[in-house]
Amino acid sequence: METIQLYLDRLPRARKPDFDPETTIVIFDRKLMTAVPGFKPWVTAFPYRFPVRSGEGLKSFSSFQQTLTKIHKKVGDKAGPKWTVLAIGGGSVGDFAGFFASVYKRGLRLVHMPTTWLAAIDSSHGGKTGLNFGGAKNQIGTFYPSEMTVMVKSILLSLPRKQVLDAFGELIKIAVIDGGSWAKRLRLGRGTNGSRAVRSTALLLWKALPFAVEAKMKTVRRDPKEKTGVRQVLNLGHTFGHVIESVTGRSHGESIWLGFLFAIEFSLAEGYLKMREAELLNDWLKLQSEPLKSIKKSQIKIKTAEARKRLLQDKKRTSGLGRKQKNNDEVRFVFVRGLGKTVVEPVSVEKILKVARQNGWLK
Ligand SMILES: NC(=O)c1ccc[n+]([C@@H]2O[C@H](COP(=O)([O-])OP(=O)(O)OC[C@H]3O[C@@H](n4cnc5c(N)ncnc54)[C@H](O)[C@@H]3O)[C@@H](O)[C@H]2O)c1
Ligand SMILES: [Zn+2]
């Protein structure tokens with residue numbers, strides 16, 4: 001069943017016909033009580049509401065058991081397949097509550113309400129749920145698409161500058177993968193200095209959101225359970241981005257942006273990107289990247305051994321996907337050929353390190 005994507009100016013009604021509070025389990029980021037004006041009285045209309053503390057700690061077995069115990073105590077003798085789990089928060093809450101919805105009583109209905117740009121653009125679409133295990137991310141999880149994802153403008157537009165900046169990496173990634181007319185028309189370059197500029201950039205994000213979501217869903221539909229490798233294209237910028245994220249502790253969005261810049265350099269070095277296409281792509285990027293100017297490549301210097309370790313960890317995560325990966329030290333890398341043109345090819349970790357060193361990312 002296809003997920004319904006709903007774009008609303010403000011919160012829906014906390015009553016029928018929008019939601020039935022008597023059969024809805026709301027799992028929400030408790031920070032929203034203070035961060036989002038009007039959220040507290042709104043959520044109070046739901047008798048079965050469970051605030052959680054967002055972040056990676058939430059996605060653990062122990063916190064899962066804690067919340068499960070609370071929920072089961074309150075609704076265990078009532079809840080059934082017609083009940084809905086309403087997941088409100090960023091990606092961590094969505095992954096956690098999505099997993100809960102997929103296994104509790106053998107599956108309840110699921111509605112996502114993403115409250116960060118990352119969740120609105122990426123994590124609340126595509127059906128992946130996840131808990132972390134054994135020191136690694138998302139080792140336990142299910143594919144469980146929501147019946148509906150509700151994006152609320154007033155919540156997303158209230159997010160601070162840092163979160164707006166964080167959205168860019170994923171948005172530019174999906175625009176490059178898709179390359180449709182919306183991507184060609186995209187102009188994100190108004191900067192984010194000052195609150196008016198942040199708001200006008202956030203409005204541009206809001207306008208682009210339905211296109212970005214549909215672009216992701218086009219790929220997801222071709223490989224809903226990540227069996228064929230088609231979905232790997234969504235990893236653009238993530239191979240080296242994950243290295244930057246884990247070594248430097250930078251945010252996911254910033255790291256993916258930098259990882260994307262590396263993917264372009266690598267694509268040029270390997271001949272995937274010809275000079276003419278590279279120029280066109282550069283011109284397009286100039287229209288987008290004004291707000292990203294503060295995120296500088298020159299601030300990144302990673303030890304080669306550290307980068308190797310992280311790349312090999314990433315390899316473990318993606319091995320077994322697709323057909324082309326034969327060698328042991330190879331990862332599947334997403335190269336860029338131009339706007340709307342990407343290709344996934346196996347490359348050795350040592351090759352990635354060599355090009356990263358040549359381009360000044362490593363010490
Ligand atoms: N399932 C998927 O396909 C998928 C894809 C990408 C990422 N993820 C997961 O998503 C998570 C990261 O997502 P995230 O950055 O949204 O995480 P998050 O849920 O940790 O939220 C980030 C921060 O924003 C705060 N926040 C949330 N909404 C807010 C609001 N409206 N106003 C102010 N603050 C708000 C949170 O309290 C938190 O401090 C990771 O766990 C990652 O593994 C999942
Ligand atoms: Zn990402």
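Colleague: Which side chains meet in a salt bridge?

Modeller: A salt bridge is a side-chain nitrogen of Lys or Arg within 4 Å of a carboxyl oxygen of Asp or Glu. Here the side chains of K128 and E226 form one, at 2.9 Å from N to O. Note that this is a predicted model: local features need pLDDT of at least 70, side-chain atom pairs count only at pLDDT 80 or more, and totals for chains, interfaces and linings use all residues. Residues are numbered from 1 along each chain as its sequence is written, chains are lettered from A and ligands numbered from 1 in the order in which they are written, and side-chain values use heavy atoms, without hydrogens and water.

Colleague: Where are domain 1 and domain 2 in the chain?

Modeller: Domain bounds come from an automatic or database domain assignment. Domain 1 covers 4-156, and domain 2 covers 161-186 + 224-358. Contact means heavy atoms within 4.5 Å. Eight residues from domain 1 and eleven residues from domain 2 take part.

Colleague: How many salt bridges cross the interface of domain 1 and domain 2?

Modeller: The rule finds one.

Colleague: What area do domain 1 and domain 2 bury between them?

Modeller: Buried area is the accessible area (1.4 Å probe) that two parts lose on being put together, summed over both. Here that is about 880 Å², with 64% of it on carbon and sulfur atoms. On the domain 1 side, W117, I121 and F143 lose the most area to domain 2. Together they give 51% of what that side buries.
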